[in-house]
Amino acid sequence: MGSVGAKVAGSEIVPLVDEGLGNSSYLVPLDDGRALVLDARRDPRAYLALAKNLNLRIAFAVETHLHADFISGSRELAAFGAAIIAPRASRLATAYRGLDDGDEVDLGGLTLRALATPGHTPEHLAYLLLDGSKPLALFSGGAILPGGAARPDLIGPQQTEPLAHDLYRSAHQRLSDLPDQLAVYPTHGAGSFCSAGAGRERTTTLGRERHESLLFTTAGDDAFVRTLLDGLGTYPPYFLRLRTVNQRGTRLYGVNPPKLAPLSVDEFHRRRAAGAIVIDVRPFVDFARGHMPGALSIALRPAFASWLGWLAPAARPLIFVRAADQDARDLVEQCLKIGYENLAGELEGGMDAWRAAGLPVSTIAVRNVSEEPKGTPLDVRQASEWAKGHIPGARHVELGSVTASAGAIPAGPLTVYCGHGERAMTAASLLERQGRANLAVLDGGFDAWQSARRPIVIG
């Protein structure tokens, strides 16, 4: 299934994809030298640079719903002159134009029409972009994704099933009059913990979804709800607080996000003793060769923010260990985009400085797939990954549950594995912090195991 594209004012709608969170935002050129940005992430720099390159001014920052997985960038764009447009029911604690179902915004030759599409959230709006009476594009937020929809269980258990029914009705009733060929631009997509049943594509058409999506191919409302809810996996706990954070707003940084303060070994010690959490963001093989005891390994990669938000309390100060060639700006941006503001600094000189000070260093073994696992194999992937195949004799505990489920993990040596190795090292670091020894991580994870044609169990 290929991606789709619609032209607006003679130009393409430009997606800006956050691969780590699995989300897309969009810059839409308008007829009069202005632009609209939809569901912007927190850092405004990419949008401002793109608009400048296209000789456009960002006039509107549009929100489909209160986001649970990232800090909205609308207020950042508003500081540069954009007007915020959002569902009236979102009750933002900032100046915004609130829309209800059927409300329209004149975009200077084009029209943006709000369509009430509750389901992913109660206040959710999709937006239909019109040229006169001709539909050009549908910005569906979480109402329709390629192959599915966004999950309805992020508000509370009492609302999950009613919202799932709302998802079905929104697609079948509120969007039923729109043409099959209409291009659909979702916010959530592949890799997003907000998505449910979604495919790999970032964009789609209504016709494709009517023929292929879980939303339309299940036999009725009740069957859809049962299938959707049965397929939902776990999600990071920070999702439960970001809706409120986005509603009230948070600190603005503009184009100058903070830098990590360099901390001497002594200052690093003081911060740690005062309760700061040590996050080691180096590649997992470097962590394995030597790390400070008690450090939490979360490798800096696109998925870093999701796992930080899953495993580290937001209120605690964070101090970091980073390799010299890793981008400190990327690290800060990933923390800020999920609302982690208490960044107390990083160890100046990294692990070399720690070793030079003669301080203790821990190691974790890395085993090759050609070797037999040491002790019990521990699979820390998501349940959906485990069901598709795992190492014989393995025990399964999702990474997000390792700390809470430590008592159920067998005693003795463990060989921890995930898809490639990063999540496994994170799990091993959590277990080491709890006093576990005899830990090893499978290099290359289950993917390497399978590629080596080692035996697997499915189911």
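The exercises below concern a predicted model.

**Exercise 1.** State whether C194 and C418 are buried or exposed.

*Solution.* A residue is buried when its relative accessible area is under 20%. C194 has a relative accessible area of 1% and is therefore buried. For C418 the value is 1%, so C418 is buried.

**Exercise 2.** Describe how helix α3 (residues 157-174) packs with helix α6 (residues 221-230).

*Solution.* The axes lie 9 Å apart, at an angle of about 125 degrees. This angle makes α3 oblique to α6. The crossing of the two helices is right-handed. Residues of α3 in the contact include T160, H165 and Y168, while α6 contributes, among them, D221, F224 and L229. By class, seven residues of the contact of α3 with α6 are nonpolar, two are polar and four are charged.

**Exercise 3.** Characterise the crossing of helix α10 (residues 304-311) and helix α11 (residues 328-337).

*Solution.* The two axes cross at roughly 55 degrees and come within 9 Å. Helices α10 and α11 are therefore oblique to each other, and their crossing is right-handed. F304, A305 and L308 of α10 make the contact with L331, Q334, C335 and K337 of α11. The residues of this contact comprise five nonpolar, one polar and one charged.

Methods:
Residues numbered from 1 in each chain as written. Predicted model: local features only at pLDDT ≥ 70, side-chain atom pairs only at ≥ 80, totals over all residues. Heavy atoms only, no water. Buried < 20%, exposed > 50% of the residue type's maximum accessible area, 1.4 Å probe, protein only. Axes fitted to C-alpha atoms, helices over the stretch in contact; angles between N-to-C directions. Helix = DSSP H or I, 4+ residues; strand = E, 2+ residues; numbered from the N terminus. Parallel < 35°, antiparallel > 145°, perpendicular 65-115°, else oblique. Left-handed = near helix turned anticlockwise from the far one by under 90°. Contact = heavy atoms within 4.5 Å. Nonpolar A, V, L, I, M, F, W, Y, C, P; charged D, E, K, R; others polar.
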